[in-house]
Amino acid sequence: MSEITFPTIAVIGAGAMGRGIAQIAAQAGSTVRLVDAQPGAVEKACAALSEQWDKLCAKGRLSADAAAACKQRLRPSAMADLGDCDLVVEAIVERLDVKKTVFAEVESIVRPDAVLVTNTSSLSVTAIAAGLQRPERFAGYHFFNPVPLMKVVEVIAGLRTDEATCEALGRYARQMGHTPVRAADTPGFIVNHAGRGYITEALRIASESVADFATIDRILRDQAGFRLGPFELLDLTALDVSQPVMESIYHQYFEEPRYRPSVIGAQRLAGGVLGKKVGEGFYRYVDGVAQVAPEPATPPVEDMPPVWVSPRAARRAQLLQLLKDLGARIETGASPSPEALTLAAPLGFDVTTVAVVERLDPARTLGIDLLFDDSSTRRRVLATNPATRRDMREAAQALFARDGKPVSVIRDSGGFVTQRVVATIVNIASDMCQQGICSPRDLDTAVTLGLGYPLGPLTLGDQLGPSSVLEVLFNLQTVYGDPRYRPSPWLRRRGAIGLSLSHTEE
Ligand code: NAI
(Lines give C-alpha, C1' and ligand atoms only; values in the text may rest on other atoms or scores of the structure.)
Protein backbone atom coordinates (compact mmCIF):
# COMPACT_ATOMS: atom_id res chain seq x y z
CA MET A 1 0.00 0.00 0.00
CA SER A 2 1.30 3.44 -0.85
CA GLU A 3 2.02 5.77 2.02
CA ILE A 4 -0.92 7.47 3.65
CA THR A 5 -1.19 11.18 2.82
CA PHE A 6 -1.81 12.33 6.39
CA PRO A 7 -0.26 9.91 8.93
CA THR A 8 -1.45 11.90 11.97
CA ILE A 9 -4.67 13.86 11.99
CA ALA A 10 -6.84 15.63 14.55
CA VAL A 11 -10.62 15.76 14.54
CA ILE A 12 -12.04 18.63 16.57
CA GLY A 13 -15.64 18.02 17.56
CA ALA A 14 -16.58 14.51 18.69
CA GLY A 15 -20.25 14.67 17.67
CA ALA A 16 -22.02 12.74 14.94
CA MET A 17 -19.75 13.94 12.14
CA GLY A 18 -16.46 14.03 14.04
CA ARG A 19 -16.91 10.43 15.15
CA GLY A 20 -17.62 9.25 11.63
CA ILE A 21 -14.58 11.05 10.23
CA ALA A 22 -12.39 9.69 13.05
CA GLN A 23 -13.64 6.19 12.29
CA ILE A 24 -12.80 6.14 8.58
CA ALA A 25 -9.48 7.94 9.13
CA ALA A 26 -8.35 5.42 11.75
CA GLN A 27 -9.49 2.56 9.51
CA ALA A 28 -7.39 4.04 6.70
CA GLY A 29 -4.33 3.89 8.96
CA SER A 30 -4.01 7.43 10.36
CA THR A 31 -3.37 8.15 14.00
CA VAL A 32 -6.41 10.21 15.04
CA ARG A 33 -6.38 12.77 17.83
CA LEU A 34 -9.93 13.46 18.94
CA VAL A 35 -10.68 16.77 20.67
CA ASP A 36 -13.89 18.30 22.05
CA ALA A 37 -14.70 21.30 24.24
CA GLN A 38 -17.40 19.43 26.15
CA PRO A 39 -16.04 17.51 29.16
CA GLY A 40 -16.49 13.76 28.70
CA ALA A 41 -17.44 14.07 25.00
CA VAL A 42 -14.19 12.57 23.70
CA GLU A 43 -14.36 9.61 26.09
CA LYS A 44 -17.95 8.96 25.06
CA ALA A 45 -17.03 9.13 21.38
CA CYS A 46 -14.05 6.80 21.86
CA ALA A 47 -16.24 4.27 23.66
CA ALA A 48 -18.83 4.45 20.86
CA LEU A 49 -16.15 4.01 18.19
CA SER A 50 -14.63 1.10 20.04
CA GLU A 51 -18.04 -0.56 20.14
CA GLN A 52 -18.50 0.17 16.45
CA TRP A 53 -15.21 -1.57 15.59
CA ASP A 54 -16.21 -4.56 17.72
CA LYS A 55 -19.45 -4.75 15.77
CA LEU A 56 -17.65 -4.58 12.41
CA CYS A 57 -15.36 -7.30 13.69
CA ALA A 58 -18.30 -9.49 14.77
CA LYS A 59 -19.84 -9.04 11.30
CA GLY A 60 -16.57 -10.12 9.69
CA ARG A 61 -16.06 -6.74 8.05
CA LEU A 62 -12.88 -5.99 10.00
CA SER A 63 -10.30 -8.46 11.34
CA ALA A 64 -9.65 -8.59 15.08
CA ASP A 65 -6.13 -7.26 14.47
CA ALA A 66 -7.43 -4.37 12.37
CA ALA A 67 -10.04 -3.47 15.01
CA ALA A 68 -7.40 -3.50 17.73
CA ALA A 69 -5.12 -1.33 15.58
CA CYS A 70 -7.93 1.19 14.98
CA LYS A 71 -8.56 1.47 18.71
CA GLN A 72 -4.89 1.96 19.32
CA ARG A 73 -4.68 4.70 16.66
CA LEU A 74 -7.51 6.68 18.25
CA ARG A 75 -6.07 9.12 20.82
CA PRO A 76 -8.21 11.23 23.17
CA SER A 77 -6.42 14.57 23.03
CA ALA A 78 -6.43 18.25 23.94
CA MET A 79 -5.79 21.23 21.65
CA ALA A 80 -2.26 21.53 23.01
CA ASP A 81 -1.44 18.05 21.61
CA LEU A 82 -2.00 19.00 17.96
CA GLY A 83 1.62 19.99 17.25
CA ASP A 84 2.36 16.70 15.45
CA CYS A 85 -0.74 16.72 13.20
CA ASP A 86 -0.51 16.70 9.40
CA LEU A 87 -4.22 17.45 9.01
CA VAL A 88 -6.80 19.02 11.35
CA VAL A 89 -10.48 18.42 10.58
CA GLU A 90 -12.97 20.69 12.32
CA ALA A 91 -16.49 19.34 12.92
CA ILE A 92 -17.80 21.60 15.69
CA VAL A 93 -20.88 23.76 16.03
CA GLU A 94 -21.98 25.50 12.80
CA ARG A 95 -21.05 29.07 13.80
CA LEU A 96 -18.65 31.28 11.88
CA ASP A 97 -17.31 33.13 14.94
CA VAL A 98 -16.63 29.93 16.90
CA LYS A 99 -14.99 28.20 13.94
CA LYS A 100 -12.74 31.21 13.27
CA THR A 101 -11.64 31.33 16.92
CA VAL A 102 -10.86 27.61 16.94
CA PHE A 103 -8.82 27.79 13.71
CA ALA A 104 -6.83 30.80 14.98
CA GLU A 105 -5.88 28.71 18.00
CA VAL A 106 -5.13 25.63 15.88
CA GLU A 107 -2.86 27.64 13.60
CA SER A 108 -0.82 28.78 16.59
CA ILE A 109 -0.21 25.14 17.62
CA VAL A 110 0.27 23.11 14.41
CA ARG A 111 3.28 23.01 12.08
CA PRO A 112 3.16 25.55 9.21
CA ASP A 113 2.79 22.75 6.65
CA ALA A 114 -0.29 21.21 8.32
CA VAL A 115 -3.53 21.25 6.33
CA LEU A 116 -6.63 22.58 8.09
CA VAL A 117 -10.16 21.75 6.92
CA THR A 118 -13.70 22.52 7.95
CA ASN A 119 -16.66 20.17 7.63
CA THR A 120 -19.08 23.09 7.41
CA SER A 121 -22.17 22.47 5.34
CA SER A 122 -23.51 26.01 5.10
CA LEU A 123 -20.77 28.54 5.87
CA SER A 124 -18.35 30.01 3.37
CA VAL A 125 -14.94 28.34 3.42
CA THR A 126 -13.40 31.65 2.35
CA ALA A 127 -15.07 33.44 5.26
CA ILE A 128 -13.77 30.90 7.78
CA ALA A 129 -10.27 31.21 6.29
CA ALA A 130 -10.28 35.02 6.40
CA GLY A 131 -7.75 36.14 8.98
CA LEU A 132 -5.75 32.90 8.92
CA GLN A 133 -2.02 33.22 8.34
CA ARG A 134 -1.96 30.36 5.84
CA PRO A 135 -5.29 30.32 3.99
CA GLU A 136 -3.59 28.45 1.13
CA ARG A 137 -3.46 25.35 3.34
CA PHE A 138 -7.08 25.65 4.38
CA ALA A 139 -10.07 24.03 2.59
CA GLY A 140 -13.57 22.70 3.03
CA TYR A 141 -13.90 18.93 3.46
CA HIS A 142 -17.60 18.28 3.53
CA PHE A 143 -18.70 14.80 4.59
CA PHE A 144 -22.25 13.46 4.83
CA ASN A 145 -24.06 11.74 7.66
CA PRO A 146 -23.47 8.87 8.44
CA VAL A 147 -19.88 9.34 7.31
CA PRO A 148 -18.81 5.68 6.96
CA LEU A 149 -21.82 4.90 4.74
CA MET A 150 -22.03 8.09 2.66
CA LYS A 151 -19.02 7.52 0.50
CA VAL A 152 -18.56 10.98 -0.97
CA VAL A 153 -16.74 14.06 0.27
CA GLU A 154 -16.76 17.52 -1.23
CA VAL A 155 -13.32 19.15 -1.40
CA ILE A 156 -13.88 22.88 -1.43
CA ALA A 157 -11.26 25.44 -2.37
CA GLY A 158 -11.69 28.83 -0.75
CA LEU A 159 -10.51 31.90 -2.63
CA ARG A 160 -6.92 31.41 -1.54
CA THR A 161 -6.66 27.62 -1.23
CA ASP A 162 -3.70 25.97 -3.00
CA GLU A 163 -4.31 23.35 -5.66
CA ALA A 164 -1.82 21.06 -3.88
CA THR A 165 -3.94 21.20 -0.71
CA CYS A 166 -7.03 20.06 -2.63
CA GLU A 167 -5.08 17.33 -4.39
CA ALA A 168 -3.78 15.96 -1.08
CA LEU A 169 -7.30 15.98 0.36
CA GLY A 170 -8.60 14.15 -2.71
CA ARG A 171 -5.94 11.46 -2.35
CA TYR A 172 -6.65 11.07 1.35
CA ALA A 173 -10.40 10.76 0.69
CA ARG A 174 -9.70 7.80 -1.62
CA GLN A 175 -7.43 6.22 1.01
CA MET A 176 -10.40 6.38 3.38
CA GLY A 177 -12.59 4.66 0.79
CA HIS A 178 -14.48 7.81 -0.19
CA THR A 179 -14.95 9.47 -3.57
CA PRO A 180 -13.77 13.08 -3.59
CA VAL A 181 -15.58 15.66 -5.70
CA ARG A 182 -14.30 19.19 -6.23
CA ALA A 183 -16.62 22.11 -5.52
CA ALA A 184 -16.17 25.86 -5.72
CA ASP A 185 -16.88 27.76 -2.50
CA THR A 186 -20.52 28.59 -3.18
CA PRO A 187 -23.67 28.20 -1.03
CA GLY A 188 -24.63 24.55 -0.59
CA PHE A 189 -21.49 23.43 -2.48
CA ILE A 190 -22.64 20.60 -4.81
CA VAL A 191 -24.97 18.23 -3.01
CA ASN A 192 -27.02 20.69 -0.97
CA HIS A 193 -27.29 23.00 -3.97
CA ALA A 194 -28.25 20.32 -6.50
CA GLY A 195 -30.80 18.94 -4.03
CA ARG A 196 -32.83 22.20 -4.11
CA GLY A 197 -34.86 21.26 -7.16
CA TYR A 198 -36.48 18.16 -5.73
CA ILE A 199 -37.85 19.59 -2.52
CA THR A 200 -38.64 23.17 -3.50
CA GLU A 201 -40.46 22.25 -6.70
CA ALA A 202 -42.44 19.51 -4.92
CA LEU A 203 -43.47 22.05 -2.27
CA ARG A 204 -44.59 24.46 -4.99
CA ILE A 205 -46.64 21.76 -6.65
CA ALA A 206 -48.30 20.98 -3.31
CA SER A 207 -48.88 24.68 -2.67
CA GLU A 208 -50.81 24.87 -5.95
CA SER A 209 -53.06 21.97 -4.82
CA VAL A 210 -52.07 19.96 -7.87
CA ALA A 211 -52.01 16.79 -5.76
CA ASP A 212 -51.72 15.83 -2.09
CA PHE A 213 -48.39 15.01 -0.45
CA ALA A 214 -48.78 11.23 -0.69
CA THR A 215 -49.71 11.38 -4.38
CA ILE A 216 -46.72 13.58 -5.21
CA ASP A 217 -44.47 11.12 -3.34
CA ARG A 218 -45.94 8.14 -5.20
CA ILE A 219 -45.56 9.84 -8.57
CA LEU A 220 -41.91 10.78 -8.06
CA ARG A 221 -41.02 7.34 -6.72
CA ASP A 222 -42.82 5.40 -9.42
CA GLN A 223 -42.27 7.62 -12.45
CA ALA A 224 -38.83 9.09 -11.87
CA GLY A 225 -37.38 6.31 -9.69
CA PHE A 226 -36.54 8.33 -6.56
CA ARG A 227 -36.09 6.08 -3.53
CA LEU A 228 -38.03 8.43 -1.26
CA GLY A 229 -40.71 10.91 -2.20
CA PRO A 230 -39.91 14.55 -1.35
CA PHE A 231 -42.33 14.63 1.58
CA GLU A 232 -41.08 11.32 2.98
CA LEU A 233 -37.60 12.77 2.73
CA LEU A 234 -38.61 16.00 4.46
CA ASP A 235 -40.21 13.96 7.25
CA LEU A 236 -36.98 12.01 7.72
CA THR A 237 -34.65 15.02 7.79
CA ALA A 238 -37.20 17.07 9.79
CA LEU A 239 -38.25 20.62 8.98
CA ASP A 240 -36.19 22.20 11.77
CA VAL A 241 -33.16 21.09 9.73
CA SER A 242 -34.41 21.44 6.13
CA GLN A 243 -36.38 24.69 6.29
CA PRO A 244 -33.41 26.77 7.57
CA VAL A 245 -31.20 25.18 4.87
CA MET A 246 -33.75 26.10 2.18
CA GLU A 247 -33.98 29.66 3.48
CA SER A 248 -30.23 30.02 3.90
CA ILE A 249 -29.39 28.93 0.34
CA TYR A 250 -32.16 31.16 -1.06
CA HIS A 251 -30.84 34.21 0.80
CA GLN A 252 -27.19 33.42 0.16
CA TYR A 253 -28.02 33.48 -3.55
CA PHE A 254 -29.65 36.89 -3.08
CA GLU A 255 -33.21 35.66 -3.53
CA GLU A 256 -32.62 33.69 -6.72
CA PRO A 257 -36.20 32.54 -7.63
CA ARG A 258 -35.06 28.97 -8.39
CA TYR A 259 -34.37 28.36 -4.70
CA ARG A 260 -37.43 30.10 -3.26
CA PRO A 261 -38.73 28.10 -0.27
CA SER A 262 -42.42 27.57 0.38
CA VAL A 263 -44.72 28.94 3.05
CA ILE A 264 -45.85 25.35 3.58
CA GLY A 265 -42.51 24.50 5.16
CA ALA A 266 -42.29 27.74 7.15
CA GLN A 267 -45.77 27.28 8.60
CA ARG A 268 -45.25 23.64 9.51
CA LEU A 269 -41.95 24.47 11.18
CA ALA A 270 -43.66 27.22 13.20
CA GLY A 271 -46.38 24.77 14.17
CA GLY A 272 -43.90 22.12 15.31
CA VAL A 273 -45.11 19.62 12.69
CA LEU A 274 -41.51 18.70 12.00
CA GLY A 275 -41.51 15.16 10.73
CA LYS A 276 -41.09 11.58 11.81
CA LYS A 277 -39.10 12.37 14.95
CA VAL A 278 -42.10 14.13 16.53
CA GLY A 279 -44.66 11.64 15.20
CA GLU A 280 -46.19 14.05 12.72
CA GLY A 281 -44.95 15.75 9.58
CA PHE A 282 -46.36 15.50 6.10
CA TYR A 283 -47.47 12.05 7.29
CA ARG A 284 -48.68 10.91 10.72
CA TYR A 285 -46.58 8.19 12.32
CA VAL A 286 -47.75 5.37 14.55
CA ASP A 287 -44.89 3.37 16.07
CA GLY A 288 -42.59 5.01 13.54
CA VAL A 289 -44.69 3.89 10.57
CA ALA A 290 -46.20 6.49 8.22
CA GLN A 291 -49.97 6.29 7.99
CA VAL A 292 -50.78 6.55 4.30
CA ALA A 293 -54.35 6.58 3.02
CA PRO A 294 -54.96 3.86 0.42
CA GLU A 295 -55.00 4.92 -3.21
CA PRO A 296 -58.40 5.65 -4.74
CA ALA A 297 -59.86 2.53 -6.39
CA THR A 298 -60.05 2.34 -10.19
CA PRO A 299 -63.62 3.29 -11.17
CA PRO A 300 -65.65 0.62 -12.95
CA VAL A 301 -66.42 1.69 -16.52
CA GLU A 302 -68.89 -0.28 -18.63
CA ASP A 303 -68.91 1.61 -21.91
CA MET A 304 -65.39 2.56 -22.79
CA PRO A 305 -65.47 5.42 -25.31
CA PRO A 306 -63.17 5.46 -28.34
CA VAL A 307 -59.93 7.35 -27.90
CA TRP A 308 -58.43 10.10 -30.04
CA VAL A 309 -54.85 11.28 -29.56
CA SER A 310 -53.67 14.80 -30.32
CA PRO A 311 -51.21 14.92 -33.24
CA ARG A 312 -48.96 17.06 -31.04
CA ALA A 313 -48.73 14.54 -28.18
CA ALA A 314 -45.26 13.76 -26.85
CA ARG A 315 -44.14 10.21 -27.69
CA ARG A 316 -47.29 9.90 -29.84
CA ALA A 317 -46.35 6.63 -31.57
CA GLN A 318 -45.61 5.06 -28.22
CA LEU A 319 -48.89 6.31 -26.77
CA LEU A 320 -50.85 4.86 -29.69
CA GLN A 321 -49.09 1.51 -29.26
CA LEU A 322 -49.83 1.58 -25.53
CA LEU A 323 -53.51 2.30 -26.20
CA LYS A 324 -53.59 -0.58 -28.67
CA ASP A 325 -51.99 -2.90 -26.12
CA LEU A 326 -54.59 -1.80 -23.58
CA GLY A 327 -57.36 -2.75 -26.01
CA ALA A 328 -58.62 0.78 -26.71
CA ARG A 329 -60.67 1.64 -29.77
CA ILE A 330 -58.46 4.21 -31.43
CA GLU A 331 -59.87 6.91 -33.67
CA THR A 332 -57.65 7.95 -36.56
CA GLY A 333 -59.62 10.89 -37.99
CA ALA A 334 -58.26 14.42 -38.20
CA SER A 335 -60.47 15.39 -35.28
CA PRO A 336 -62.18 13.41 -32.52
CA SER A 337 -65.73 12.09 -32.96
CA PRO A 338 -68.31 13.63 -30.56
CA GLU A 339 -68.05 10.70 -28.14
CA ALA A 340 -64.26 10.27 -28.13
CA LEU A 341 -62.07 10.56 -25.08
CA THR A 342 -59.42 13.06 -26.18
CA LEU A 343 -55.85 12.70 -25.04
CA ALA A 344 -53.04 15.20 -25.05
CA ALA A 345 -49.49 14.61 -23.83
CA PRO A 346 -48.06 18.08 -23.31
CA LEU A 347 -44.53 18.92 -22.23
CA GLY A 348 -44.64 21.88 -19.87
CA PHE A 349 -48.03 23.15 -20.95
CA ASP A 350 -51.19 22.59 -18.96
CA VAL A 351 -54.09 20.58 -20.38
CA THR A 352 -56.43 23.56 -20.35
CA THR A 353 -54.17 25.58 -22.63
CA VAL A 354 -53.62 22.60 -24.93
CA ALA A 355 -57.37 22.00 -25.26
CA VAL A 356 -57.98 25.66 -26.09
CA VAL A 357 -55.05 26.05 -28.50
CA GLU A 358 -55.76 22.78 -30.31
CA ARG A 359 -59.52 23.51 -30.36
CA LEU A 360 -60.36 20.30 -28.52
CA ASP A 361 -63.48 19.89 -26.41
CA PRO A 362 -62.11 20.47 -22.87
CA ALA A 363 -64.93 18.42 -21.35
CA ARG A 364 -63.51 15.28 -22.98
CA THR A 365 -59.82 16.14 -22.78
CA LEU A 366 -57.22 14.76 -20.37
CA GLY A 367 -53.44 14.87 -20.47
CA ILE A 368 -50.94 12.09 -19.80
CA ASP A 369 -47.34 12.64 -18.71
CA LEU A 370 -45.00 10.99 -21.19
CA LEU A 371 -41.75 12.77 -20.40
CA PHE A 372 -40.45 9.34 -19.38
CA ASP A 373 -40.91 6.33 -21.62
CA ASP A 374 -44.00 4.50 -20.32
CA SER A 375 -42.11 1.20 -20.18
CA SER A 376 -39.57 2.70 -17.75
CA THR A 377 -42.17 3.81 -15.18
CA ARG A 378 -44.28 2.06 -12.58
CA ARG A 379 -47.16 4.56 -12.67
CA ARG A 380 -49.12 6.61 -15.16
CA VAL A 381 -50.19 10.14 -14.39
CA LEU A 382 -53.21 11.82 -15.93
CA ALA A 383 -54.28 15.43 -15.55
CA THR A 384 -57.78 16.78 -15.91
CA ASN A 385 -58.70 20.36 -16.74
CA PRO A 386 -61.46 22.27 -14.92
CA ALA A 387 -64.03 21.31 -17.58
CA THR A 388 -63.20 17.59 -17.80
CA ARG A 389 -66.36 15.48 -17.41
CA ARG A 390 -66.36 12.86 -14.73
CA ASP A 391 -67.23 10.01 -17.13
CA MET A 392 -64.25 10.94 -19.31
CA ARG A 393 -61.91 11.09 -16.34
CA GLU A 394 -63.10 7.71 -15.11
CA ALA A 395 -62.83 6.20 -18.58
CA ALA A 396 -59.23 7.39 -18.91
CA GLN A 397 -58.41 6.14 -15.43
CA ALA A 398 -59.87 2.70 -16.08
CA LEU A 399 -58.33 2.40 -19.53
CA PHE A 400 -54.79 3.18 -18.40
CA ALA A 401 -55.13 0.86 -15.39
CA ARG A 402 -56.12 -2.14 -17.55
CA ASP A 403 -52.67 -3.75 -17.38
CA GLY A 404 -52.46 -3.31 -13.60
CA LYS A 405 -50.18 -0.25 -13.60
CA PRO A 406 -51.32 2.27 -10.98
CA VAL A 407 -52.78 5.52 -12.29
CA SER A 408 -52.80 8.88 -10.49
CA VAL A 409 -55.08 11.68 -11.57
CA ILE A 410 -53.90 15.16 -10.70
CA ARG A 411 -55.27 18.64 -11.18
CA ASP A 412 -54.12 20.61 -14.14
CA SER A 413 -50.95 22.63 -13.87
CA GLY A 414 -48.16 23.36 -16.28
CA GLY A 415 -45.94 20.36 -16.67
CA PHE A 416 -47.35 17.60 -14.42
CA VAL A 417 -45.48 16.61 -11.23
CA THR A 418 -42.60 14.65 -12.74
CA GLN A 419 -41.94 17.08 -15.58
CA ARG A 420 -41.74 20.05 -13.25
CA VAL A 421 -39.49 18.38 -10.69
CA VAL A 422 -37.19 16.64 -13.15
CA ALA A 423 -36.81 19.69 -15.41
CA THR A 424 -36.03 21.84 -12.37
CA ILE A 425 -33.39 19.38 -11.14
CA VAL A 426 -31.73 19.20 -14.57
CA ASN A 427 -31.88 22.98 -14.94
CA ILE A 428 -30.32 23.69 -11.54
CA ALA A 429 -27.57 21.12 -12.23
CA SER A 430 -26.92 22.73 -15.62
CA ASP A 431 -26.69 26.15 -14.08
CA MET A 432 -24.21 24.85 -11.49
CA CYS A 433 -22.02 23.74 -14.40
CA GLN A 434 -22.52 27.12 -16.06
CA GLN A 435 -21.30 28.77 -12.85
CA GLY A 436 -18.28 26.49 -12.78
CA ILE A 437 -19.14 25.13 -9.33
CA CYS A 438 -18.02 21.66 -10.39
CA SER A 439 -17.44 19.50 -13.42
CA PRO A 440 -20.42 17.66 -14.95
CA ARG A 441 -18.86 14.37 -13.88
CA ASP A 442 -18.42 15.44 -10.26
CA LEU A 443 -21.95 16.82 -10.20
CA ASP A 444 -23.49 13.50 -11.18
CA THR A 445 -21.17 11.56 -8.87
CA ALA A 446 -21.93 13.82 -5.89
CA VAL A 447 -25.68 13.66 -6.42
CA THR A 448 -25.90 9.89 -6.87
CA LEU A 449 -23.68 9.21 -3.84
CA GLY A 450 -24.80 12.12 -1.65
CA LEU A 451 -28.52 12.16 -2.41
CA GLY A 452 -29.08 8.61 -3.61
CA TYR A 453 -30.78 9.71 -6.85
CA PRO A 454 -31.14 6.87 -9.34
CA LEU A 455 -29.15 8.85 -11.93
CA GLY A 456 -27.10 12.02 -11.85
CA PRO A 457 -29.19 15.00 -13.04
CA LEU A 458 -27.12 15.47 -16.19
CA THR A 459 -27.20 11.80 -17.17
CA LEU A 460 -30.95 11.86 -16.52
CA GLY A 461 -31.28 14.93 -18.75
CA ASP A 462 -29.35 13.12 -21.49
CA GLN A 463 -31.54 10.04 -21.19
CA LEU A 464 -34.78 12.01 -21.42
CA GLY A 465 -33.40 14.15 -24.21
CA PRO A 466 -32.25 17.67 -23.40
CA SER A 467 -34.65 19.05 -26.03
CA SER A 468 -37.62 17.58 -24.13
CA VAL A 469 -36.36 19.04 -20.86
CA LEU A 470 -35.88 22.41 -22.55
CA GLU A 471 -39.37 22.24 -24.04
CA VAL A 472 -40.80 21.62 -20.55
CA LEU A 473 -38.89 24.62 -19.17
CA PHE A 474 -39.76 27.01 -22.01
CA ASN A 475 -43.43 26.13 -21.71
CA LEU A 476 -43.42 26.30 -17.91
CA GLN A 477 -41.94 29.76 -18.23
CA THR A 478 -44.81 30.72 -20.52
CA VAL A 479 -47.44 29.19 -18.23
CA TYR A 480 -46.09 30.71 -15.02
CA GLY A 481 -44.31 33.80 -16.31
CA ASP A 482 -41.80 33.03 -13.59
CA PRO A 483 -37.99 33.36 -13.97
CA ARG A 484 -37.49 30.24 -11.83
CA TYR A 485 -38.10 28.14 -14.98
CA ARG A 486 -35.69 30.15 -17.13
CA PRO A 487 -33.46 27.54 -18.78
CA SER A 488 -29.79 27.84 -17.97
CA PRO A 489 -27.72 28.93 -20.98
CA TRP A 490 -25.58 25.86 -20.30
CA LEU A 491 -28.57 23.56 -20.82
CA ARG A 492 -29.49 25.35 -24.05
CA ARG A 493 -25.93 25.17 -25.35
CA ARG A 494 -24.89 21.73 -24.15
CA GLY A 495 -28.19 20.05 -24.90
CA ALA A 496 -27.13 19.29 -28.44
CA ILE A 497 -23.84 17.53 -27.56
CA GLY A 498 -24.67 15.91 -24.24
CA LEU A 499 -25.04 17.25 -20.72
CA SER A 500 -23.05 14.65 -18.85
CA LEU A 501 -19.99 15.03 -21.06
CA SER A 502 -17.01 16.43 -19.13
CA HIS A 503 -14.31 18.41 -20.86
CA THR A 504 -11.25 16.23 -21.18
CA GLU A 505 -9.21 18.65 -19.11
CA GLU A 506 -11.74 18.63 -16.25
P1 NAI B 1 -22.75 17.72 16.87
O2 NAI B 1 -23.53 18.72 17.64
O3 NAI B 1 -23.18 16.29 16.86
O4 NAI B 1 -21.23 17.75 17.39
C5 NAI B 1 -20.50 18.92 17.56
C6 NAI B 1 -19.44 18.67 18.61
O7 NAI B 1 -18.56 19.79 18.63
C8 NAI B 1 -20.00 18.54 20.02
O9 NAI B 1 -19.50 17.38 20.63
C10 NAI B 1 -19.53 19.81 20.73
O11 NAI B 1 -19.25 19.61 22.10
C12 NAI B 1 -18.26 20.12 19.96
N13 NAI B 1 -17.87 21.52 20.01
C14 NAI B 1 -18.67 22.60 19.89
N15 NAI B 1 -17.93 23.71 19.96
C16 NAI B 1 -16.64 23.34 20.12
C17 NAI B 1 -15.41 24.03 20.23
N18 NAI B 1 -15.38 25.35 20.23
N19 NAI B 1 -14.28 23.31 20.36
C20 NAI B 1 -14.31 21.97 20.37
N21 NAI B 1 -15.45 21.26 20.29
C22 NAI B 1 -16.60 21.94 20.15
O23 NAI B 1 -22.64 18.30 15.40
P24 NAI B 1 -22.44 17.51 14.01
O25 NAI B 1 -23.74 17.12 13.47
O26 NAI B 1 -21.38 16.49 14.20
O27 NAI B 1 -21.89 18.69 13.05
C28 NAI B 1 -20.60 19.20 13.17
C29 NAI B 1 -20.27 20.02 11.94
O30 NAI B 1 -20.45 19.24 10.76
C31 NAI B 1 -21.12 21.28 11.72
O32 NAI B 1 -20.32 22.25 11.13
C33 NAI B 1 -22.18 20.80 10.75
O34 NAI B 1 -22.73 21.85 10.00
C35 NAI B 1 -21.34 19.89 9.87
N36 NAI B 1 -22.11 18.86 9.16
C37 NAI B 1 -23.11 18.17 9.78
C38 NAI B 1 -23.83 17.20 9.08
C39 NAI B 1 -24.91 16.42 9.76
O40 NAI B 1 -25.71 15.79 9.05
N41 NAI B 1 -25.00 16.40 11.08
C42 NAI B 1 -23.52 16.90 7.69
C43 NAI B 1 -22.39 17.62 7.16
C44 NAI B 1 -21.75 18.59 7.88
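Close-up 1. The residues of the shell divide into 11 nonpolar, seven polar and three charged, where Ala, Val, Leu, Ile, Met, Phe, Trp, Tyr, Cys and Pro count as nonpolar, Asp, Glu, Lys and Arg as charged, and the others, Gly among them, as polar. Of these 21 residues, M17, D36, E94, K99 and N119 come nearest to the ligand, a residue being near if one of its heavy atoms lies within 4 Å. Helices α1 (16–28) and α4 (96–109) each supply at least two residues of the shell, and the largest share, three residues, comes from α4; helices (H or I, at least four residues) and strands (E, at least two) are DSSP runs, numbered from the N terminus. Residues are numbered from 1 along each chain as its sequence is written. The model is predicted, with local features needing pLDDT of at least 70, side-chain atom pairs counting only at pLDDT 80 or more, and totals for chains, interfaces and linings using all residues, while side-chain values use heavy atoms, with hydrogens and water left out.

**Close-up 2. Strand β14 and its neighbours**. Strand β14 (residues 380–383) is covered on both faces, with R380 and L382 on one side and V381 and A383 on the other all buried, that is, under 20% relative accessible area (1.4 Å probe, protein chains only). Two bridges join β14 to the antiparallel strand β13 (residues 365–368), in which G367 stands opposite A383; strands pair if DSSP finds at least two bridges between them. Four bridges join β14 to the parallel strand β15 (residues 407–410), where V409 is the bridge partner of L382.

Conventions
Buried < 20%, exposed > 50% of the residue type's maximum accessible area, 1.4 Å probe, protein only.
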